[in-house]
Amino acid sequence: MKAHTRRMTKLGSATLATLLLAGALMTGAASAQDATPDKAVVFTVGLTGDMVSPNPFKACCGAEYEMLFMNYDMLFGFSKKDLTYSPEDGLATDFEHNADSTVWTFTIRDGVKWHDGEPLTAADIAFTYNFIVNNKMGAFLNYLKSAGAEPPTFTAPNDTTLVWESPTPTSAPLTPPWIPILPEHVWSQFDGDPVAAKQFENVPAVGSGPFHLESWDTGQGWVMTANKGYWGGEPTIDEVDFKVFSNQEAMVGALKAGQIDFAEALNPTLFNSLEGAEGITTHVAPPAYFDNLAFNFGVPDKNDSSLPALHDVVLRQAIATAIDTQAIVDKLMLGNGTVGTTVTLPQSVWHWEPPADQQYTFDIAKANQMLDDAGYADTNDDGVRNDPKTGDELIIETLTIDSVTYSNDQGKLIAGWMKQIGIDMQLVPVSENKAYDLWGVGDFDAYIWGWGGDPDPDFIMSIFTTSQCLSWSDGCYSDPKFDAMYEKQKTILDPAERREYIYTMQQYIYEQVPEVVLAYENDLQAYRSDRWEGFTPVPEPDGFLIFGWGPYSYISLKPIASGGTGSQSVSTGMWLAVLAGIVVIGGGIFLIRRNKSDEERA
Amino acid sequence: MGSTRRYLLRKTGQALATLAFVLAMNFFLFRIMPGDPVRLLARNTHLTPEQQQEEIHTLGLDLALPAQFIVYVKNTATANLGTSIRSSRSVSAVIAERIWPTVLLVGVSTFLSVTFGILVGIYGAWRRGSAFDKGSLFGSLILYSIPEGWLGMLLIIFLVSTWKLFPAGGYAQQFPPLYGIAHVTDVLNHMFLPALTLTLGYIGEYAVIMRSSLLEVMGDDFIQTARAKGLRDNLVRRRHAVPNALLPSLTLVFYSFGFVMGGAVITEAVFSWPGLGQLEYQAISELDYPVMQGLFLLLSAAVIMFNLAADILYGYLDPRIKEF
């Protein structure tokens, strides 16, 4: 009887396994068939930072802005050519202003529709701007009014005319305002309640841009579908899928395996590892950030711990002369960066590059000579120079920030060069949180950090003004001459004239050295060139392929017909086969053991 | 019966008291950490000092600490965990969407590592000195000491980049979203590597602990008695040795299941798994107090509940404990 049962069991498990395998093969075949018809053309972007929120009023960083640029239009776009204001890429097609530039009148594009089919009119633009001013909506407010100034008003006398009236002369419309235009019929419910406005989920997001945010899974990514009736050109592709990775190694693995089509913001080591990889093209995009060594000048009228000697421009210039910026680019960035000079990014039309004879070329002997001449002698023979005025040792406590890519390593290199000119640079590595705390109260001598910023130079110039102390200023740099220059550039309306003036301001900052610009970090991108072509680099000719202040590449991208396929993941059938295998092996072991124990017993 | 009821009441009371203590700790602990959340958010969004003040006011961070504490207790009691400073979304919603991926991944891996770990421990100890014992002990110690982040990276390099078998990260395919069996397979594909990493990473711990407690029991007199009665080897092991050796492992098992809610910070980070561990890391690095508090409350409550369950189960498994 017992033996009979056992045979049945064996027979049973064999039958089960066969059935499972058969089922597995069938399911595998079925799913392969399902996948074939009307497949949407999807471009998949890998990135390492998720959106904070799809709500424009919570926008923080690159990920949100990329979504906003795709989902919404602005009054003016940023031009593909040089990132200045561009009527052809925005909702305003034309504009004029009165003699003292207090009243600006814009002609608004006709026939634009929101993603939900409602018409977009000048009233929506007026609503968006008034909403921001009336409800004091953080980040965007500064584009419309400067701090302390009376707010402007916005009206729409008809569907295609917008009037911007400012109490004081302004050039703000041409910055241009980096503000997504929102549909009044969706957002008017939050007028007067900024907290509720910020809590609005905004998925799916009704906008007017070439793509439409359809869904967002926090921590995983978001999906944007093409707006086929877009006024600025119909996207060839159907979808852009943004996939969030929490580390770069996995993202690069996914690119190699063909699970994503584009990898954004790679670190130099992984970027270099991709060079020559089959089907993948690497692209060195321009920098989006610069790294700086910023000095603290102390908070006026407050007891502070900053080093008084740092007020001496000769000391600051000597420090700049003793920093080998080329070594920073070569050794730390593995060549994927540019030597730093002024506080605007090198690809920008606003960038002023100092002529070779005016640059602080790395020269330890010259730096030593400068300090000797200025009277910084080592009075107590401890290897560290002393301030001739106070007798203090030249000890510069410098914060380096753990989570900022090169900060700690730049600190180590610079401290080494400082030692050679008799300055004791003591490095204090801190977390980003701690750094914000110390920065907020001005408790440091110097720090190594960096800035990104807007295409327009207004913001980066503002951080060197006196009024930004303990706000955006790096170290409370204060110079009445520069403050006056900053106010003046705001009133220059002629772009060429303003550009010249911005050059002068950069030259002044470069000579005064409130901070040393160490390097510009290139944005390193890589993509599956075996599957995609037709990117639009911004600015021309070899700028950012994506993440470059506009949705241009997503509109022009085309799949290559003969392109490689995605990676073959384990299918349902394989999983069932594995399961069946486990059952068979497990059953086998079980039976063998039963046999054995029966024999033992016998 | 009376002693059982007293035991249960005492254990439940202790659990509640711990929970209350955790509630208070949660609040004050996060406020003595360095960093100012508003400034952290402000650097990226160009806020003026006045706007920062308004933001502080909206977030209730301008109230005195005791006042903030009262608001916190009141809200927690009404299951209102507040609003995330970072995203302005409700904390309960932010946490809720992360619970399932974590319970799935960490739950399954804990189950697998417990099951296989204990089995390996039992067979190793029972045949002490055999090739299986030596091999499994060596393997256990190796796996126990391998950093899971490194193991995960190796799996990505070989199984994703080179052999292209599994997705490099994430929970499921987003577009087109899959349903039914296709969705299950898709999640299994995504889960395979992180689950393998976690299972391998923890299997050693259970194997080593089970092995040593079984070895201890095997020297006891009642095992000799059982053998002397002429019982089969298997029966001695199953009915006498293993049940008595299981208690230390059981503590560990309940403890581990309590910590499932803590997520697996490193493994989730390596495989971009959208679970609680990642949320925790993000909340801590951005000083998102309400999210941190919500997460730690959830984690503490889970650990306390599982400990209570373990205590209660112990009372039945080992009646001597009720006397203490």
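I'll talk about confidence, then a sheet, then a glycine.

So, this is a predicted model: local features need pLDDT of at least 70, side-chain atom pairs count only at pLDDT 80 or more, and totals for chains, interfaces and linings use all residues. Residues are numbered from 1 along each chain as its sequence is written, while chains are lettered from A and ligands numbered from 1 in the order in which they are written.

pLDDT is the predictor's confidence in each residue, from 0 to 100. Chain A has a mean of 86, with 89% of its residues at 70 or more. Over residues 1-37 of chain A, though, pLDDT stays under 50.

Now the sheet. Helices (H or I, at least four residues) and strands (E, at least two) are DSSP runs, numbered from the N terminus, and two strands pair if DSSP finds at least two bridges between them. In chain A, 4 strands make an open, antiparallel sheet, ordered β4-β5-β7-β6. At its edges sit β4 (92-97) and β6 (153-158) of chain A, each pairing on one side only. Inside chain A, β5 (residues 103-108) and β7 (residues 161-165) pair antiparallel over 5 bridges. And who stands opposite Val103(A) in β7(A)? That's Glu165(A).

Last, Gly279(A), which is in the loop between α8 (268-274) and β12 (280-295) of chain A.

Definitions and conventions: Contact = placed C-beta atoms within 7 Å.
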